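Hello,

I am passing a structure on to you, and my notes follow below. Please have it open while you read.

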Amino acid sequence: MLKAARAAVLAILVGCTAVAQAEAVLLTPALQSQMLQWLGQGTAQLSNVFTKKTGDTAAAFHAAVDGKGATFSLMQVRDAAGNVSVIGGYNPQSWDSTGAVHTTVPLAERTAFIFNATTGYMYRQMPKSPDDGVPDYGAHQTDNCAVCGPSFGAGADLLVGQDLTTGGNSYLTSYYSFEPGAQPFGGSIVGSAQFTYMAMEVYSISAVPE
C-alpha cells in the first residue's frame with residue numbers, strides 16, 4: 001500500500017494551487033512551475049517513482065526508476081559549510097544499471113540539464129568545448145552505474161554515491177557553461193564539492209491525459 005502511495009500521480013498544471021503529493025517534501029508548487037518552464041512545457045504529469053528512505057541504497061533507486069523514461073531527480077543537500085540547497089537534474093532517457101555513460105553527440109539530443117533550485121541556476125548540456133578542441137565535449141549525459149544514484153555528466157558533474165547519502169560535483173565538464181560568477185552548487189568554478197544528501201525524490205514525466 002505504501003508502494004502504491006509513493007507512485008501516486010501528481011498532475012502538474014502551471015497555476016494549480018492544489019497538488020496531491022505522496023510523501024513528497026521537495027517538489028513544491030513553485031519548483032514544479034520552474035522545472036516545467038526549464039523543460040519548455042506548459043503542462044506535464046509527474047509520478048513520484050522513488051522517495052529515499054533511511055537505509056536505501058543505489059539498488060533501491062535503480063529498482064524503482066530504471067526503465068521509467070524521462071525523469072526529474074530532486075535532492076536536498078548540505079555542503080561542507082553547512083549550507084542546505086535543493087538541487088537536481090532532468091534526464092530525458094531512462095535510467096539503467098548497465099554501468100554505461102549515456103552519450104548524446106548530436107546537439108538536438110542534448111536536452112538534459114542540472115540545476116540548483118535554491119539559487120535558480122540551471123545548466124544545460126554544453127554544445128561544445130569552450131575552446132572548440134573536443135567535438136563531443138558536453139555529450140556525456142548521465143552515468144548509469146549500478147552503484148550510483150542519479151548522476152549526471154562526465155566526472156560526474158553531479159554524483160550520488162551508492163549509499164544515496166554521499167557524493168558531490170566534480171569540474172562540471174558536461175553541463176557547466178563557464179559564464180562568469182556562476183557556481184551552480186556553491187563550490188568552486190573548478191575543482192569539486194562534497195555533499196551530504198538528506199532527501200531525494202524522483203519523478204517520471206508524461207503528458208497530461210486529455
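How many bridges join strand S5 (residues 101-103) to strand S8 (residues 140-143)? There are three, and the two strands run antiparallel. Strands here, like helices, are DSSP runs numbered from the N terminus, with at least two residues (E) for a strand and at least four (H or I) for a helix. Two strands pair if DSSP finds at least two bridges between them.

Before going further, a word on where this comes from. This is a predicted model, in which local features need pLDDT of at least 70 and side-chain atom pairs count only at pLDDT 80 or more, while totals for chains, interfaces and linings use all residues. Residues are numbered from 1 along each chain as its sequence is written, and side-chain values use heavy atoms, with hydrogens and water left out.

Back to the sheet. Val-101 stands opposite Asp-143 in S8. Asp-143 also stands opposite Ser-151 in strand S9, and S8 pairs with S9 (residues 151-152) in the antiparallel sense over two bridges.

Of its 210 residues, 48% count as buried; buried means under 20% relative accessible area, exposed means over 50%, and partly exposed is in between (1.4 Å probe, protein chains only). The accessible surface comes to about 9400 Å², and 57% of that belongs to carbon and sulfur atoms; areas were computed by the Shrake-Rupley method with a 1.4 Å probe. Among contacts (heavy atoms within 4.5 Å) between residues at least 6 apart in sequence, 65% join residues at least 24 apart.

Strand S6 deserves a look next. Four bridges join strand S4 (residues 84-91) to S6 in an antiparallel arrangement, and Ile-87 stands opposite Asn-116 of S6. S6 is also joined to strand S7 (residues 121-124) by four bridges, again running antiparallel, with Tyr-123 in S7 as the bridge partner of Ile-114. The hairpin of S6 and S7 has four residues between the strands, and Gly-120 takes a positive phi near 85° there.

S6 (residues 113-116) is covered on both faces: Phe-113 and Phe-115 on one side are buried, as are Ile-114 and Asn-116 on the other. The structure holds eleven aromatic pairs. Rings of Phe, Tyr and Trp (its six-membered ring) pair if their centres lie within 6.5 Å; planes under 30 degrees apart count as stacked, over 60 as edge-to-face, and the rest as tilted. The ring centres of Phe-113 and Phe-115 are 6.2 Å apart with their planes at 50°, so this pair is tilted.

Ser-204 sits in strand S12 (residues 192-206) and is buried, with a relative accessible area of 13%. Leaving aside neighbours within four places in sequence, Ser-204 is in contact with residues including Gln-45, Ser-47, Lys-68 and Thr-71. Asn-169, in strand S11 (residues 166-170), is buried at 4%, and its C-alpha atom is separated by 5.9 Å from that of Leu-159, ten residues away along the chain.

Finally, the charges. The structure holds one salt bridge, meaning a side-chain nitrogen of Lys or Arg within 4 Å of a carboxyl oxygen of Asp or Glu. Lys-53 forms it with Asp-56, and the closest N and O atoms are 3.4 Å apart. Lys-53 counts as partly exposed because its relative accessibility is 38%, whereas Asp-56, at 12%, counts as buried.

Best wishes
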